Amino acid sequence: MSNKKQKNPAIIIMKRELKSYFSGPIAYIVTALFLIISGFMFFSTFFLQNRAELRNYFALLPILLSFFIPALTMRVFSEEKRVGSIETLMTLPITETNVVAGKYLAVFIETLVMLAPTLFFVLAAEIFGTPDYGPIVGGYLGAVFLCACFAAIGLFASSITKNQIISFFVGFIICIVLTMIDTFLILFPAPVVSALSFLSANVHFSSIEKGIIDSRDLLYFISLAALFFVLTVKVQQSAKN
């Protein structure tokens with residue numbers, strides 16, 4: 001009976017991270033800034049162009065998430081490394097995978113909480129126009145996969161340094177390069193373009209955002225999230241040794 005009552009260590013760590021996150025000011029500051037900028041992008045189209053749609057918002061969402069998700073994740077490992085509490089955590093009878101999984105789940109939930117209030121834009125579009133729900137559903141589905149991917153990247157960036165600022169910039173650079181690499185495809189020869197295009201998070205997000213659910217796009221986000229998750233586990237294992 002006692003084994004059945006034991007909770008998964010990853011879930012315990014996830015709850016601990018969420019409690020810590022929402023008890024501090026960073027969660028509310030980052031979310032507020034994200035919503036202010038998102039609102040400006042949506043309502044600029046709404047009022048200036050007289051169109052009740054989310055197309056412009058989704059077009060710029062990958063760039064926004066490239067900035068704000070590393071801002072959410074920069075403290076996750078870095079702060080614990082700085083104050084030394086990560087050593088205490090690692091001495092507990094849990095694996096590095098449990099620790100990373102718990103922190104990753106917490107960060108992923110935090111990104112979805114940050115994104116959730118933007119559903120108000122859908123309500124506004126419905127009230128004042130006749131939006132096409134295919135791209136809207138696709139846009140939010142793509143955003144979920146993008147959040148999962150960028151959360152793993154941000155977590156990895158936080159695991160390699162004690163400095164939160166360095167963590168933020170490492171995460172931001174990786175995310176923004178993956179987001180904007182398709183912008184520079186014209187500079188590369190044709191044989192390289194297809195490979196670089198596959199590496200672009202924006203290309204895969206745009207495909208899903210149009211309502212085209214392709215297994216290659218889903219595999220891209222899942223594989224990239226899994227890669228950085230594994231890298232984070234390896235970093236923690238090497239630090240323990």
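Here is a walk through the model, one selection at a time.

**Before you click**

This is a predicted model, where local features need pLDDT of at least 70 and side-chain atom pairs count only at pLDDT 80 or more, while totals for chains, interfaces and linings use all residues. Residues are numbered from 1 along each chain as its sequence is written, and side-chain values use heavy atoms, with hydrogens and water left out.

**Stop 1: the whole chain**

Start with a cartoon view. Of the 241 residues, 48% count as buried, where buried means under 20% relative accessible area, exposed means over 50% and partly exposed is in between (1.4 Å probe, protein chains only). Take the contacts in the chain with a separation of 6 or more: residues 24 or more positions apart account for 75% of them. A contact here means heavy atoms within 4.5 Å.

**Stop 2: helix α4**

Select residues 55-73. This is α4, with 19 residues, and it reaches 27 Å from its first C-alpha to its last, close to the 27 Å expected at 1.5 Å a residue. (The expected span is 1.5 Å times one less than the number of residues.) Now look at Leu61, where α4 has a kink of about 45°, shortly before Pro62. The bend at a residue is the angle between axes fitted to the seven residues ending there and the seven starting there.

Setting aside neighbours within four places in sequence, Pro62 is in contact with Leu146, Phe150, Thr179, Asn202 and Phe205.

**Stop 3: the largest pocket**

Next, select Glu53, Leu54, Arg55, Phe58, Pro131, Asp132, Pro135, Ile136 and Glu209, which line the largest pocket. Helices α4 and α9 (133-159) are the elements that give two or more residues to this lining. On a 1 Å grid over the protein atoms alone, a pocket is an open set of points where a 1.4 Å probe fits, with protein on both sides within 12 Å along at least five of seven lines; lining residues have an atom within 4 Å of a point.

Colour the lining by type and you get five nonpolar residues, no polar ones and four charged. Ala, Val, Leu, Ile, Met, Phe, Trp, Tyr, Cys and Pro count as nonpolar, Asp, Glu, Lys and Arg as charged, and the others, Gly among them, as polar.

**Stop 4**

Pick Phe145 in helix α9. Beyond its neighbours within four places in sequence, Phe145 is in contact with Leu218, Phe221 and Ile222.

Move on to Asp217, which is found in α13. Asp217 counts as buried because its relative accessibility is 6%. Apart from neighbours within four places in sequence, Asp217 is in contact with His204, Ser207, Ile208 and Ile212.

**Stop 5**

Thr232 is buried, at 0% relative accessible area. Not counting residues up to four places away in sequence, Thr232 touches Phe77, Val100, Ala152, Leu155, Phe156 and Ser159.

Finish with α7, residues 96-115. Most of α7 is covered, with 14 of its 20 residues buried. Its end C-alpha atoms are 29 Å apart, which agrees with the 28 Å that its 20 residues should span at 1.5 Å a residue.

Definitions and conventions
Helix = DSSP H or I, 4+ residues; strand = E, 2+ residues; numbered from the N terminus.
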